[in-house]
Amino acid sequence: MAGIGVAYLLRERKLARKGRAAAGLVTSCTPQKNSFQVEYEFHTEEGESLKGKCDSQDRYEVGATIWIIYLPRKPKRNRPYPLDDWIVVG
């Protein structure tokens, strides 16, 4: 079980270190038990249009803009920014 947690943190670390930011558009925000499932769309620097989703403690209105971070070589690996488990310093 600990291996899964370490693998998750390493994937998130790579996203935090090598990711690119893009403005995303919220397309859906559905209540769940203790959170919301947020679905969004965004465009990469190359102009590719992608969709993503995540669980969030925050509720968003459809049409709201949120920041997305994605890997340029694997843009399907994306998350809303800032990442929950990493603090950006700089």
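This is a predicted model: local features need pLDDT of at least 70, side-chain atom pairs count only at pLDDT 80 or more; totals for chains, interfaces and linings use all residues.
Residues are numbered from 1 along each chain as its sequence is written, and side-chain values use heavy atoms, without hydrogens or water. Local features need pLDDT of at least 70 and side-chain atom pairs pLDDT 80 or more, whereas totals for chains, interfaces and linings use all residues.

**View 1. Overall fold of the protein.** The protein has 1 helix and 5 strands. Helices (H or I, at least four residues) and strands (E, at least two) are DSSP runs, numbered from the N terminus. Their order along the sequence is α-β-β-β-β-β. Of the 90 residues, 31% count as buried (under 20% relative accessible area; exposed is over 50%, partly exposed in between; 1.4 Å probe, protein chains only).

**View 2. Arginine 11 on helix 1.** Arginine 11 belongs to helix 1, residues 2-18. Its relative accessible area is 47%, so arginine 11 is partly exposed.

**View 3. A positive surface patch.** The patch consists of Arg11, Arg13, Lys14, Arg17, Lys18, Arg73 and Lys74. Patch residues have over 30% relative accessible area and no salt bridge, with like charges joined within 9 Å and nonpolar side chains (Val, Leu, Ile, Met, Phe, Trp, Tyr) within 5 Å. A salt bridge puts a side-chain nitrogen of Lys or Arg within 4 Å of a carboxyl oxygen of Asp or Glu.

**View 4. Threonine 44 in a loop.** Threonine 44 sits between strand 2 (36-43) and strand 3 (49-56). With a relative accessible area of 7%, threonine 44 is buried. Beyond its neighbours within four places in sequence, threonine 44 contacts Leu50, Tyr70 and Pro75 (heavy atoms within 4.5 Å).

Notes: Accessible areas come from the Shrake-Rupley method with a 1.4 Å probe; for residues, only the protein chains shown count as cover. Lys and Arg count as positive and Asp and Glu as negative; His and the chain ends are not counted. The place of a charge is taken as NZ of Lys, CZ of Arg, CG of Asp or CD of Glu.
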